[in-house]
Amino acid sequence: MAERGDIVVLGGGPAGLAAALAAARDGATVTLVESADHVGGLCRTLTEDGCRFDLGGHIPFIHDAARVAWAEHLMDSPMRWIDRPVARVHHGRVVPGRYIDQIPEALSDLVADDGTAAGELGSHIGAGFRDHVVRPYMEKVDGWRLEVISADRSRKLRDEQQAPEGFWYPAGGIGALMDAMADGIARHGGEVRLSTPVTALTHEDGRVTGVQVGGARPGTLTAPTVICAINPIAVVDAASPPAPDGLLVPITMRAVTLVYLTADREQLTDEAWIQVADRRVPFSRIAEFRHWDPGLVPDGRTVLCAEIYGEATNDDPWWPLDDEALAHAVRESLVDPLGWTDDASDFRMLKVIRMPRAYPLVEAHRVDEVTRTPRWLMSLKGIELARGGTVMTAIAAGEAAAAGVAARTA
Ligand SMILES: Cc1cc2nc3c(=O)[nH]c(=O)nc-3n(C[C@H](O)[C@H](O)[C@H](O)COP(=O)(O)OP(=O)(O)OC[C@H]3O[C@@H](n4cnc5c(N)ncnc54)[C@H](O)[C@@H]3O)c2cc1C
C-alpha cells in the first residue's frame with residue numbers, strides 16, 4: 001500500500017525523534033519508522049529485577065540553559081543536576097575528571113595536528129603528557145594506536161563530552177527523555193511506527209521517490225522529504241536502483257559488552273561514572289546508577305554497569321567469555337587490582353548485553369573514503385541526514401534536518 005505525507009523519518013533514536021518532533025511542531029505531517037519495538041535507539045533505560053538502568057552510562061552532555069528548559073518542558077519534570085564530574089583512576093585512587101580533560105601545568109613539547117588523534121591531542125597538551133595520561137585510556141577503549149585514529153574522534157571527545165562540574169540528567173533515566181519526545185510527536189499529530197524496518201530507498205533522476213518498509217504494515221511511504229536518522233551505509237546499501245559501485249567500503253565497528261552487577265548494599269563507590277585505564281581491568285568505564293538517580297534502584301541495593309570495549313572476535317580477551325565468566329572477571333577486578341572493596345562476592349550478575357557493532361572507528365587516512373557514502377546520499381534531492389555521536393549532538397542534528405526542510409519548503 002502506498003501512503004503520502006510531508007516527511008518520513010527513518011529511525012527512532014534521539015536524532016530521528018528530535019527531527020520528527022521539530023517537524024511535527026512546525027505543522028508538518030510526519031511518519032517516523034523504527035525497526036525495533038521501542039524508541040530510543042542506543043539511549044534506552046531498561047528494567048530488570050526491580051532495578052532500572054541505562055544501556056551503558058548515558059550523560060546527555062547538555063551545555064546550555066535553553067536545552068535544560070527544553071528537556072524539562074518536554075518531560076514536564078525537572079532535570080536532575082548530578083554534582084559529580086566523571087572520575088578516573090589515577091595511581092590507584094579514584095579522582096575527579098576524565099583522562100582527556102587533564103591539562104599539564106606547563107604546556108611543553110606541543111606537536112603539529114596532523115589529522116590523527118595523536119597529533120590533535122599533542123597539539124593541545126603536549127606529546128609527553130598525552131602519552132602519560134590520555135594514551136593508555138583512549139587506546140584501551142578504541143583498541144588502536146592514537147596515530148591511527150582520526151583527529152575527529154579526540155576533538156569530539158574534548159569538545160562535546162565535557163562535564164567538568166557535573167551533569168544534567170533526566171529523572172527516571174535517559175529513556176525518559178526519549179519517551180517524552182515520542183509522546184510529543186504524537187501530541188502534535190505525528191506518527192511513530194514501531195517494528196517497521198526500512199527495506200529500500202527508491203530514487204529516480206537524483207531524487208528520492210519513496211521508502212519501502214516491512215513489518216506488520218509493509219508498503220511504500222512517499223513524501224517530498226525523507227530524514228535519514230539511521231546509519232547511512234544501511235540506507236545506501238538498500239538503495240533501489242543500487243548506488244554506484246565503490247561507495248560501500250568496509251568500516252571497523254567497535255564492540256561493547258555491558259555487564260550489570262547488583263548487590264544488597266547501599267553503594268560501591270561515591271561516583272556516578274569512573275574511567276579505568278588499567279588494562280588488567282576488563283572494563284574501561286563503570287557506572288553506579290544510584291548516583292545518577294536514586295529512584296532507579298530500590299533502597300538497600302546498588303547496580304553497576306561495567307562497559308567492556310573490544311572486538312567481536314575470538315582474538316579478543318573478553319568477547320569469547322560467557323556471561324558468567326565475564327561477570328566473574330568484573331567482580332574480581334573490583335577487589336584486585338582496583339581495591340574498591342575487600343569482598344565483592346555479594347555482587348551477582350543482573351544482565352549482560354553484547355553490542356558487536358556499537359560504534360564506528362575511522363582511520364585518519366580513510367576519512368575522505370568513508371564519508372563518500374553519506375555524501376552520495378546527501379547528493380540526492382529530497383533527503384536530509386541527521387547523525388550525531390552523542391545524545392545531544394544527535395538531537396541537534398535531528399532538529400537541524402527538520403529546520404532545513406522547513407526553510408526549503410517555506
Ligand atoms: C555504551 C554506550 C554508551 C554511550 N554513552 C553516551 C553518553 O554518555 N553520552 C552521549 O551523549 N552519548 C553516548 N553514547 C552515544 C549515543 O548513544 C549515540 O550518539 C546516540 O544514540 C546516537 O543517536 P542516533 O539517533 O543517531 O542513533 P541510534 O541511537 O543508534 O538510533 C538509531 C535508530 O534507528 C533504528 N534503525 C536502524 N536501522 C533501521 C532500519 N533499517 N529501519 C528502521 N529503523 C532502523 C535503530 O533501531 C535505532 O532505534 C553511548 C553509546 C554507547 C553504545
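Author: Begin with the term pairing: two strands pair if DSSP finds at least two bridges between them. Note also that this is a predicted model.

Reader: In which sense do strand β18 and strand β19 pair?

Author: Strand β18 covers residues 285-288 and strand β19 covers residues 302-310. Four bridges link these strands, and at least two are needed for a pair. Within this pair, Glu 288 stands opposite Leu 304 in β19. The sense of the pairing is antiparallel.

Reader: Which strands are the edge strands of the open sheet?

Author: Seven strands make up the open sheet, with mixed pairing, in the order β8-β7-β17-β18-β19-β16-β20. From one strand to the next the twist averages 25°. An edge strand here pairs on one side only, which holds for β8 (93-96) and β20 (348-361).

Reader: At about what angle to β16 does helix α8 run?

Author: Helix α8 spans residues 323-335. The helix lies across β16 (252-263), β19 and β20. Relative to β16, helix α8 runs at about 70°.

Reader: How many residues of domain 1 are in contact with domain 3?

Author: Domain 1 consists of 2-44 + 173-249 + 367-409, and domain 3 of 167-171 + 252-361. Their C-alpha centres lie 32 Å apart. Contact requires C-beta atoms, placed from the backbone, within 7 Å. On the domain 3 side four residues take part, and on the domain 1 side the number is four.

Reader: How do the residues on that side of domain 1 divide into nonpolar, polar and charged?

Author: The side in question is the one that touches domain 3. Its residues divide into three nonpolar, one polar and no charged.

Key
Residues are numbered from 1 along each chain as its sequence is written. This is a predicted model: local features need pLDDT of at least 70, side-chain atom pairs count only at pLDDT 80 or more; totals for chains, interfaces and linings use all residues. Helices (H or I, at least four residues) and strands (E, at least two) are DSSP runs, numbered from the N terminus. Axes are lines fitted to C-alpha atoms, for helices over the stretch in contact, and angles run from 0 to 180 degrees between N-to-C directions. Two residues are in contact if their C-beta atoms, placed from the backbone, lie within 7 Å. Domain bounds come from an automatic or database domain assignment. Ala, Val, Leu, Ile, Met, Phe, Trp, Tyr, Cys and Pro count as nonpolar, Asp, Glu, Lys and Arg as charged, and the others, Gly among them, as polar.
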